Amino acid sequence: MASFLPLILPEMNSKIFITSFLISLFMTFQHDILAQEATSYQMPVSAIADLVDAPSSPGTSLSPDGNSLLLLHRPSLPSIEEVAQPELRLAGLRINPRNNGPSRSGSFNKMEIQSISQPQNIRPITGLPENPRIENVSWSPQGKHIGFTISVEKGIELWIADMEQAKARRLGTYYVNDAMGGAPFRWLDNETLVYKAISSNPNQPLCKERESYPQENLVPQGPVIQENNGKTAAVRTYQDLLQNPHDEAVFSYYVAAQLMRIDLAGNSRNLGPSGLIRSFSSSPDGQYVIVERLEKPFSYIVPYSRFPYQVEMYSRDGQLKTQVANIPLADNIPKGFGAVRTGPRNFQWRSDKPATLAWVEALDGGDPSAEVPHRDQLYTWDAPFEGKAREGIKCSLRMGGVDWGNDQLAVVSEFWWKTRQVIVSKFDPSNMEAGKSTLFDYSYEDRYNDPGSFETHSNAYGREVLLMDKKGKSLFLTGAGASPEGNRPFVDRYDLKSGKTERLWRSEAPYYESPIAIMDADKQILLTGRESQEETRNIFLRDVKKGEMKAITSFENPYPQMKMVSKELIRYERKDGLPLTGTLYLPPNYDKEKDGPLPVLLWAYPEEYKSADAAGQVSGSPHRFTRVYWGSPILWVMRGYAVLDDPGMPIIGEGDKEPNDSFREQLVANAEAAIDKLVEMGVGDRDRIAVGGHSYGAFMTANLLAHSDLFAAGIARSGAYNRTLTPFGFQAEERTFWEAKDIYLDMSPFTYADQIKEPLLMIHGEADNNSGTYPMQSTRFYSALKGHGATVRLVMLPHESHGYRARESVMHMLWEMDSWLERHVKNGEARGEGRD
């Protein structure tokens, strides 16, 4: 605001001068008020709001015995009142202090059990409270019960439901500690569970760590100091980290729990001492439990997942059997996507054995830049866990996971980010000294040649093991089946002796059908999810040999008003000849000859590739049912726009070149190709095209506005715009700012804020916790744009994170987007003149 006038004014002109001053002062304040516009939550037009409010089809979960489907119904979007509940942000966690659970988790509000053999037999699960918030649903090993939690105002309760009676009841009187998310309880056997318990009475705590709530001393005892003594600690940017000793104390209070064993009758007992329990899991036979306990020192630069922890083994009676490992703080993991912490990691139980613990250890110091013949080694340790663990197979790449089959067969996958290589091998668990033999060696970018994943099924322990035919000679593969026609999911038989595959079944147009489970491998009976452009996804039982199928579910189309929307997979080429695709949606009853070219919303997300051949492959399927969600661009097809969803935005760097070395040039070339195709088809008006995206798509949007004159306006949600604020890497970029300064600066729209002339709508959650997209990215970029006279609007959504949850927030976001598109695109000024 301008400085105040001198007190002594010329006598003759004092009234005029004072009047001018007051007008100037009012206009200054008015400008400030308008610049900081306050408004209540708004609603978009009903054509959009009704689609967002439409109930979704329930989720489904198949019982371990394959006899039943659990139907899980979701509630509508939560209110802003619910989202605005108190929240603690500590060590990478977001905790609701009222119930000691995650503050931003999804839930179900209704459950039903459906028979596979008699689909008409659908029974609601009774005994639930009104409007329950159901989470953490888990089948018992034999599928006779399910366990789940229900969040209430002051805690999280443990519940079970008897599947035969379809009746639920609460189990025990203690609350569940779900502050860390994940799995707060596990089935020990068919009659017993283990869970992280806390007292429902704060005056009678179960844990010594929760005897009193940490009180903050408002008078500091001294500065908070961090020091590094020459160690390299190149960590990416994280949100919600600990900042001081009080944060440490509060974090310890909320994650502390007592492991409790409880049977279905409600009889319970402690299992080991209380502590800061990171995770726990039980052996398949239920006789042992491994517990990971966080230890100090904590860190102020990495989240809790990198804190030190101890791994302990307990019997089911709570007796400490052995100390398995002591894992140090991992705040100095080498840089790179193949980097891991040293020492034992990825603890898991062999699913095919009663009690055999397995884990992985790095042989390269966790450093992807180290040149070594092998990077990881598998270890196993059999009950009763005496003596040393057994050394197992070694992998030349980073070990991904192991699918266990039996004493003679297991399958291991390994991968390497730098080359996108994946190797899948088989080995003999009883003779791991013999090494492994390669089954598949491919690039995970090459979708056309992806062999799929080996199918598993539930064994007597309720654990997943490799699915074999009765003779034990074949395994079975399922996959997306990417092809030039789009994804066509498949089921293959894999012969273990010859290594050859046989195609048993593949999805056929005009349907998109994907396998959920192989119900009978020898009879070739599948449970599938089937959908088409006109039909929403439903569950079917398919007999491949007989060519017969039976509908299990009959979910209805939740969007009948979109029935006449046109959907097409369009194909076009970039100027360098690279083939690209995108999914084009046109409004109901659109007639190109009569209605002419339409305003366009192009919504995209860039992806990095090391192979041009892979980048040009078709992804997705033209036969899938069109689903909308809170952030879907497809909503605007109902407002008269042509919507090009997910057009190819590949950024390629082959050989020694990295994709981001030519990020800007490739980004613009991708957009040009898409626009030229729409104009050539006669459906898109070149002067009325908007570009938008979320997260990295927002980053893309700002770059396209800065470096091209292709668009009438842009919409950027929850983006990052200044890469110097993510100096140790971002997205698929491994190099640091100091290794690639020009790349970081050149890719940052912030650097070119003075070049953005088209209107840009920016939306961001005030509580964004995604790595790299903290809200400051948007506020600083807005200031830079405003400082250069750009047409820009910044909308900060209270209490929202990287994705938006509250109905009020979602509806307001949609209103903002719709208003922006109507003003600057559909009804905006013609942009034909002056275009390059």
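The model is a predicted one, in which local features need pLDDT of at least 70 and side-chain atom pairs count only at pLDDT 80 or more, while totals for chains, interfaces and linings use all residues. Residues are numbered from 1 along each chain as its sequence is written, and side-chain values use heavy atoms, with hydrogens and water left out. Helices (H or I, at least four residues) and strands (E, at least two) are DSSP runs, numbered from the N terminus. A residue is called buried under 20% relative accessible area, exposed over 50% and partly exposed in between, with a 1.4 Å probe and protein chains only.

**Salt bridges**

- A salt bridge is a side-chain nitrogen of Lys or Arg within 4 Å of a carboxyl oxygen of Asp or Glu, and by this rule the count comes to 43 salt bridges.
- One of them joins E87 and R104, whose closest N and O atoms are 2.7 Å apart. This pair links distant parts of the chain, with E87 in the loop between α3 (80-83) and β3 (88-90) and R104 in the loop between β5 (101-102) and β6 (110-115), 17 residues apart.
- Another salt bridge is formed by E513 and R530, with 3.4 Å between the closest N and O atoms. Here the pair links strand β34 (residues 511-520), which holds E513, to strand β35 (residues 525-532), which holds R530, and the two residues are 17 residues apart. E513 counts as buried at 3% relative accessibility, and R530 is buried as well, with a relative accessible area of 16%.
- E822 and K826 meet through their side chains in a salt bridge of 3.1 Å, N to O. Both residues lie in helix α11 (residues 807-826), 4 residues apart, which is about one turn of the helix. E822 is buried, with a relative accessible area of 17%, whereas K826 is partly exposed at 21%.
- Salt bridges that share partners also join R345, D364, R375, D376 and R398 into one network.

**Aromatic rings and charges over them**

- Rings of Phe, Tyr and Trp (for Trp, its six-membered ring) pair if their centres lie within 6.5 Å, and planes under 30 degrees apart count as stacked, over 60 as edge-to-face and the rest as tilted. The structure holds 30 aromatic pairs.
- Among them is the edge-to-face pair of Y213 and Y253, at 5.1 Å centre to centre with 80° between the planes. The pair links distant parts of the chain, since Y213 lies in the loop between β13 (192-198) and α4 (245-255) and Y253 in helix α4, 40 residues apart. Y213 is partly exposed, with a relative accessible area of 34%, whereas Y253 counts as buried at 12% relative accessibility.
- F663 and F699 form a tilted pair, 5.6 Å centre to centre and with 40° between the planes. F663 lies in helix α7 (residues 663-681) and F699 in helix α8 (residues 696-707), so the pair ties together parts that are 36 residues apart in sequence. F663 is buried, with a relative accessible area of 2%, and F699 counts as buried at 0% relative accessibility.
- Ring pairs also link Y288, F347, W349, W359, Y379, W381 and F385 into a cluster.
- A charge sits over a ring if NZ of Lys or CZ of Arg is within 6 Å of the ring centre and within 35 degrees of the ring normal. The charged end of R210 sits over the ring of Y253, 4.5 Å from its centre, and R723 lies over the face of F699, at 4.5 Å from the ring centre.

**Helix α8**

- The expected span of a helix is 1.5 Å times one less than its number of residues. For the 12 residues of α8 this should give 16 Å, which agrees with the 16 Å between its end C-alpha atoms.
- 12 of the 12 residues of α8 are buried, so this helix is largely enclosed by the rest of the structure. The buried residues of α8 include Y696, F699, M700 and H707.

**The second largest pocket**

- On a 1 Å grid over the protein atoms alone, a pocket is an open set of points where a 1.4 Å probe fits, with protein on both sides within 12 Å along at least five of seven lines, and lining residues have an atom within 4 Å of a point.
- The second largest pocket has a volume of about 1,200 Å³, a volume being the space filled by probe spheres set on the points, which are joined across faces, edges and corners. Of the 37 residues that line this pocket, the closest to its centre are S56, R74, P75, S76 and L77.
- α2 (46-53) and β1 (59-62) each supply at least two residues of the lining of this pocket, and the largest share, 3 residues, comes from α2.

**Loop residue P119**

- P119 lies in the loop between β6 and β7 (122-124) and is buried, with a relative accessible area of 13%. P119 and S68 are 51 residues apart in sequence and 9.2 Å apart in space, C-alpha to C-alpha.
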